[in-house]
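Colleague: I would like to learn how to read salt bridges in a protein model. Please go through it step by step.

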Amino acid sequence: MRLHVGARTDVGRVRGLNEDAYRADRCLFVVCDGMGGAPAGEVASDMAVEAIVQQFNNGTLDDGVVDGPGDGYMRQTSRLADAIRRCNQILYANSQEDPCRSGMGTTVVAACITKQIASIAHVGDSRAYLWHDGRLEPLTRDHSLVDAQLRAGVLRPDSPAVSEQQHILLRVLGRVPDVDVELTEVPVQPGDYLLLCSDGVTRMMSDSAIAEAIARHRQPQRIADRLIDAANEQGGADNSTVVVIEIRKQWWARLLHWSE
């Protein structure tokens, strides 16, 4: 299995500073959307992606289910969650020590892909999607007040409060000493696309428009460019970031298939 990656971040059409950040590091991909006022939001997202990659790579990747009192997830999934929890502690400590960074925070959505399994971890409203067999499947649910109210039936999707309160997050990195990281594991196969993005994309585009961009362009960098351009064409109200990972066969597997 090979991974073909495209990525892009953009300040948008309204903001003066890009507080999004991303990293693609071998099998690990991270998108963060900072908050807390300039420059704290930018600092939070940059610190977060660096800390998550560093903490994740400090361990030894080992497949299989966690032994002993583990949580039942694969080792790579638990290690990704642990990296994000440690990142949260780093951000929180930094915000407590530096008054200029008080209240800073960031969302995160991250994926580790090995052995045809994608481990997804997220906190906040940055999202992950899987495009498989021509269909787009959301892999995350926003940790927001609006999403909680929609699930509880307190709000209707067409309520004006949906747009008014969509920025209110119930869970982010860096605001409290400990954070609950939501996890999922999903099988992937050649032909699939995994998409990570900040809410600057999803607020401007519907899921169907995102799916159409993947189906039409196919090449990961073209998909990323199209999604950013489309978000800006719709107003670019926020920073926007996209990481697109295409799952491909290994070269020797393609040769074997051609020889059959």
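Colleague: How many salt bridges does a search of the whole structure find?

Modeller: Keep in mind that this is a predicted model. Searching the whole structure gives 16 salt bridges.

Colleague: What decides whether a pair of side chains counts as a salt bridge?

Modeller: A side-chain nitrogen of Lys or Arg has to lie within 4 Å of a carboxyl oxygen of Asp or Glu. Here, aspartate 10 and arginine 8 form such a pair, with their closest N and O atoms 3.8 Å apart. Arginine 248 pairs with glutamate 246, where the closest N and O atoms are 3.1 Å apart.

Colleague: Are aspartate 10 and arginine 8 buried or partly exposed?

Modeller: Buried means under 20% relative accessible area. Aspartate 10 has 16%, so aspartate 10 is buried. Arginine 8, at 22%, is partly exposed. In the other pair, glutamate 246 is buried at 12%, while arginine 248 is partly exposed at 27%.

Colleague: Which residues are linked in a network of salt bridges?

Modeller: The linked residues are Arg8, Asp10, Arg13, Asp225 and Asp229.

Colleague: Where do arginine 127 and aspartate 142 lie, and what does the pair tie together?

Modeller: Their side chains form a salt bridge with an N to O distance of 2.8 Å. Arginine 127 is in strand E6 (residues 127–132), and aspartate 142 is in the loop between strand E7 (135–138) and helix H3 (145–152), so the pair ties together parts 15 residues apart in sequence. Aspartate 142 is buried, at 13% relative accessibility, and arginine 127 is partly exposed, at 22%.

Notes. Residues numbered from 1 in each chain as written. Predicted model: local features only at pLDDT ≥ 70, side-chain atom pairs only at ≥ 80, totals over all residues. Heavy atoms only, no water. Buried < 20%, exposed > 50% of the residue type's maximum accessible area, 1.4 Å probe, protein only. Helix = DSSP H or I, 4+ residues; strand = E, 2+ residues; numbered from the N terminus.
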